[in-house]
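Hello,

Here is the structure I promised to pass on. Have a look at it first, and then read my notes below.

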Amino acid sequence: MNNAVKQPQTVLVLGGTSDIGQAIVSALVSPALRRVILAVRHPGEVDVDSMTFGNADIVAVAFDAKDVSAHEALVADLADRFGDLDVVVQAFGQLGAAGLDDPVAAAELAQINYVGAVSTGLAVAARLRAQGHGTLVVLSSVAGVRTRASNFVYGSTKAGQDAFATGLGHALHGSGAKVMTVRPGFVRSAMTTGLDDAPFAVDPADVAEAVARGLRRGSAVVWAPGVLRIVFGLLRYAPDMVWRKLDR
Ligand SMILES: NC(=O)c1ccc[n+]([C@@H]2O[C@H](COP(=O)([O-])OP(=O)(O)OC[C@H]3O[C@@H](n4cnc5c(N)ncnc54)[C@H](OP(=O)(O)O)[C@@H]3O)[C@@H](O)[C@H]2O)c1
């Protein structure tokens, strides 16, 4: 349960090795934080003893976004073992290189980024509803606000994830459970290593600070950095010819 000043006790990160996910946990450190659960593909490779999030106990558990039939049982098992989940961060995802020429790679990306987001989102929502409190933080992307030719498959998966998350938030209204949809721009993380910074690039800690602020305020949608709300409010209506020219 969050304490009176909305500080969580238990945080679950789905995709627990994510740079942004771990930065979010760091931003949520407080005396109240007791447990951090990192759900990762290879728990044996995660050295939890070398990590510190305040005084929280850290555990790594097995999780694969593609293994949709396991997601309900995973969330139920974690709730049985660790009690209420106050904040759950949906941080898994891949950028991939899928484009015009590889339907199989594109479908696999959709499986991870979108289908996995749907199955984990519903599994987490069921638990948060049962608790009557808790927030699912969904790492969407501005890439889904308007898809670009250069990464339209990735962008489409984030558009789907974003639409699902905002709709889920509406469906949960009044239950005590909440969804916060986060739309970062370019973030300097493992996912973007080797790529040139895009305009308005930020670090994982900047996204994390925006997420922590959003949780304190009870925001439904957070842009990181905040100026992207205005930038994409305009860009989404730019003529197609202009939009294609910007994608270079
Ligand atoms: N970086 C950006 O510019 C940016 C911008 C907007 C939104 N986002 C979104 O933010 C989220 C976090 O990205 P990040 O920047 O922190 O990248 P990151 O450090 O590469 O984290 C991505 C995470 O996804 C995990 N993952 C990949 N496939 C998985 C699977 N099948 N099952 C479970 N976990 C899987 C990875 O685990 P492994 O360690 O096993 O590979 C890794 O922990 C993603 O959803 C991304 O789309 C990123």
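**What I found**

Phe 200 sits in the loop between strand 6 (178-184) and helix 5 (204-217); helices (H or I, at least four residues) and strands (E, at least two) are DSSP runs, numbered from the N terminus. Its phi is positive, about 65 degrees, although Phe 200 is not a glycine. Phe 200 counts as partly exposed because it has 16 C-beta neighbours inside 10 Å. For that term, other C-beta atoms, placed from the backbone, are counted within 10 Å of the residue's own: 20 or more is buried, 12 or fewer exposed, and in between partly exposed.

Before going on, please note that this is a predicted model: local features need pLDDT of at least 70, side-chain atom pairs count only at pLDDT 80 or more, and totals for chains, interfaces and linings use all residues. Residues are numbered from 1 along each chain as its sequence is written.

Another loop, between strand 7 (221-224) and helix 6 (228-235), holds Pro 225. The peptide bond to Pro 225 from Ala 224 is cis, with omega near 0 degrees.

As for the whole chain, it has seven helices and seven strands, in the order β-α-β-β-α-β-α-β-α-β-α-β-α-α from the N terminus. Of its 248 residues, 40% count as buried. The C-alpha trace spans about 55 × 35 × 35 Å along its principal axes.

Helix 1 (residues 19-27) gives the most to the shell around the ligand, with three residues.

Enjoy exploring it!

Best wishes
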